[in-house]
Amino acid sequence: MPQWFAKKIEEKERSLYVSPKPSECESVRLTADAAENLSAIRAALHNTADFMVREITVCGIPVKLMMFEGMFSLQTLTEIILEPLGDLTLEDPTPQALQDWILHRAVLGMDQSQVQTLGELFPFLMSGFAGIMIDGIPQTIVAGVQGFQFRSVSEPSAEENVRGSREGFTEPIRINMTMVRRRVKSSDLKMELLKAGVKSKTDLCLIYQTDMVAPELLRDIRRRLREIPTDIILESGYIQPFLDTDIVSIFSNVGTTQRPDTLCAKISEGRVGILVDGTPFALIVPYFFNENFQSIDDYTHRPYYAVFERWLKYLAFFFTILLPGLYVAVGTFHPELFPEALLLNVTAAEQDVPFPLVLEALLIHFIYELMREAGLRLPRPIGHAIGIIGALVIGDAAVTAGLISSPMVMVVALTALSSFVVPSLFQEVTIMRFGFIIIGGTLGIFGMALGLAWMIVNLCSVNAYGIPSMSPESPFQMFAMRDVLLRVGWKKLGRKKLKIQNLPGTEIESR
Amino acid sequence: MKGDSAISSWQLAVLLFLSRITYFFLAEPRSEGPQALTAAIWIPISILANFLLLLPAYLLLQKNKGKGLLDIAAERWGRLSLIFPAGFLLFSVCVLVQTACSFSYFLTSTAYPQSSPWLFILLIFGVAGYAASMGYEPTARFGSFVFVALSAALLFVCASLWPQAQWEFLRPPVYDGWQSQLQLFVRLTLGNVETAALLFLLPAVAKNKGGVFWRWGILSVVVLDGIILFAAAVLGDYAQTQRFPFYAVTKIAELSIFQRLDSLHVALWVFMTLVRLALFLEVGGKSLARLLPSKVSRYAISICAAASALLAGCLTRWPYALERVGNLFAGGGPVLLLTVLLPLLLLWSKRKGEAGQ
């Protein structure tokens, strides 16, 4: 039966989707005839409108300059290519001599390479390089003259901090790489450029510290990235599922950050950072559950306050997933748990509400999610207006109309507030919250306990690249706990470094 | 089913301890109360007796490092060795059924009087089956969290009820006569089903296998003695009227404005029961996998969970049958057979084989 089902699904898939394939022209080699090459390039690009060619003559040799519109800086192009070539006088003007001069004597910027096929040429041109094709040479020289527009470096919107750097990653990968390099001026910091995406050929950059990372971890990540079958990669979220080691878990073992300082801190513990061109969200592999509760501010504040903040985050996490469900469960099945005075208040408030507690909780959370989503997608001024409408509708009108009770409004408000304390777990907690409301309303405390147990087992079953995701809480290790439930001072924390592959229960070999 | 990797000796000790304490909470609640002081004395003695009984099996495992009892038996006895997985399977199913029935009885008689026991049995077996199918490691890690929660809950209950404890409620050890003393000793020693689980799971421990028993033993003695004595000192003769005395203790524990916390303790006991069920589902599932053809052996844990749930659900209607199962374990026969007699036989046959060579 499952085989028959799988076959049917495969058939359906085949009729709807096509597997990504690389373009056939990519393996075409360049010849010594520049005109012939140009025709092949134009044909391969289907005469696209943004492909530009400038034909010049240098010392009597025809040269073709190729670029994509809007991708290059005219000033850089003039300074490093057009002017030097215009002033050039060769004693023996042959195509080979011109190529040697460009390659070895001219200073065409720092990014310079030679390509021999269209498949090699196109990613350069489409990244803002200029292609210099000399008639009589079966290769093309590419030089970096990038000048496309991009968002400047700014404070990361999703990871703001009180103290510390205000720099966040931006879209171009090269700028992000420099932001990391500026922070770790070590010879052990290595950056490795890869490409992913059958069509998009998106630049990826693996960043790690050679003295800290486990070779096995690195090998596994490289293999996974190589095997990504997707045709277009527009964001790091596209490759995140391919790096997740456990597909059945609701929690991811790949983290994201917009902050170069956070990425540097993570790779200094033996993790691998992955920058993806076109997105300010870098990936961190592997990422443990407790890391969701850490922020850069924890390390700049005094230890006692950092510990307080961390406990607050753990408390907020449990509040946001359990509080509405617990309220529903207690109110429906175990009202004796409420203190007497509170029980009277809750009973009085719920008396006029026409819905059962579970339905009331689901309804109000649904409305809250609707408003949150609407506020998120709309332009900011309208988003604010949505917030005001929501507060008025839910906070006042709905209570007055007797649709919901005031204690429930309090519960939702507290839950919503708590969910923003740990933003990296926002997706998970939103879904789990609904789940716990339904379980609490149908099975009471027993169901809540079962649900929580399932969640913990699910978390405990995740082995991110051979390292338990719940480490160092379980399997327990005292040394590593100093930066989990506690955050000891820098005098102690800075003395010895944690290597993630040394955590208990780890299956990968340390080095 | 995921591949199993090694667990630490502490993790296994905690799992066994949680399983043992669940039994005391759910299946053996009447040991508290009148015989509290007697039980408190016999618990450490029974642990020592367990140690002596397990010695031959432990020696056998030590001689065959990295192999479990089932592997050793398969090497020596061929097809006859199937008696081992069959024995462990039957044993596990009985423990699972007894635990699930006691748990559903506990819930339907305290927090959910109008619900069907089937609901609780099916749901808890569903989650326990999920945990067991994930392998030893996730269950062991989950057990660590439950252990912390249990410790916190016990400390809280003890702190809140300490002023109400009256130690004169504890009766002298020989108050109920020597015959009951002997029965209690047999029940505590040979009724300790966790010893079979210990033997089964010991090869999964990475290092310091010998430490598992002592860690488990010390934890059990300290916590069980503490709970039994404290419950008796708080409840006195009232404990005799209670089917679940420790639940009665939590009912009268108060924290500031919260006057009743028994439902929250129910949540904790759900966790503990899950650990016990997952532990014995591991044992039962792995044993069943040896008996099934390789094509279906990967569903062994699910089959074991489904069969146990069905049996448990049916047995809730026949409490006498359930009592018989309880008496069978209390008599010590199954534990003696699996942890002493069969390993001794295996050891003897191995010695004989070595002497023959």
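Which residue in β5(A) does Gly131(A) stand opposite? In this predicted model, the residue opposite Gly131(A) is Val142(A). The two strands concerned, β4(A) and β5 (residues 140-144) of chain A, run antiparallel and are joined by 5 bridges. Together they form a hairpin with 5 residues between them, and Gly136(A), located in the turn, has a positive phi of about 105°.

Strand β4(A) also pairs with strand β2 (residues 61-68) of chain A, again in the antiparallel sense, over 4 bridges. Here Met133(A) of β4(A) has Lys64(A) opposite. Strand β4 spans residues 129-134 of chain A, and 6 of its 6 residues are buried, so the strand is largely enclosed by the rest of the structure. Both of its faces are covered: one side carries Phe129(A), Gly131(A) and Met133(A), the other Ala130(A), Ile132(A) and Ile134(A).

In chain B, helix α8 (residues 194-201) is mostly covered, with 8 of its 8 residues buried. Among them are Glu194(B), Thr195(B), Leu198(B) and Phe200(B).

The structure holds 0 disulfides over all chains. Cys94(B) is in no disulfide, the nearest cysteine sulfur being that of Cys304(B), 11 Å away. Cys94(B) counts as partly exposed at 22% relative accessibility. Cys59(A) is likewise partly exposed, with a relative accessible area of 26%.

Methods. Residues are numbered from 1 along each chain as its sequence is written. Chains are lettered from A and ligands numbered from 1 in the order in which they are written. This is a predicted model: local features need pLDDT of at least 70, side-chain atom pairs count only at pLDDT 80 or more; totals for chains, interfaces and linings use all residues. Side-chain values use heavy atoms; hydrogens and water are left out. Buried means under 20% relative accessible area, exposed over 50%, partly exposed in between (1.4 Å probe, protein chains only). A disulfide is a pair of cysteine sulfur atoms within 2.5 Å. Two strands pair if DSSP finds at least two bridges between them.
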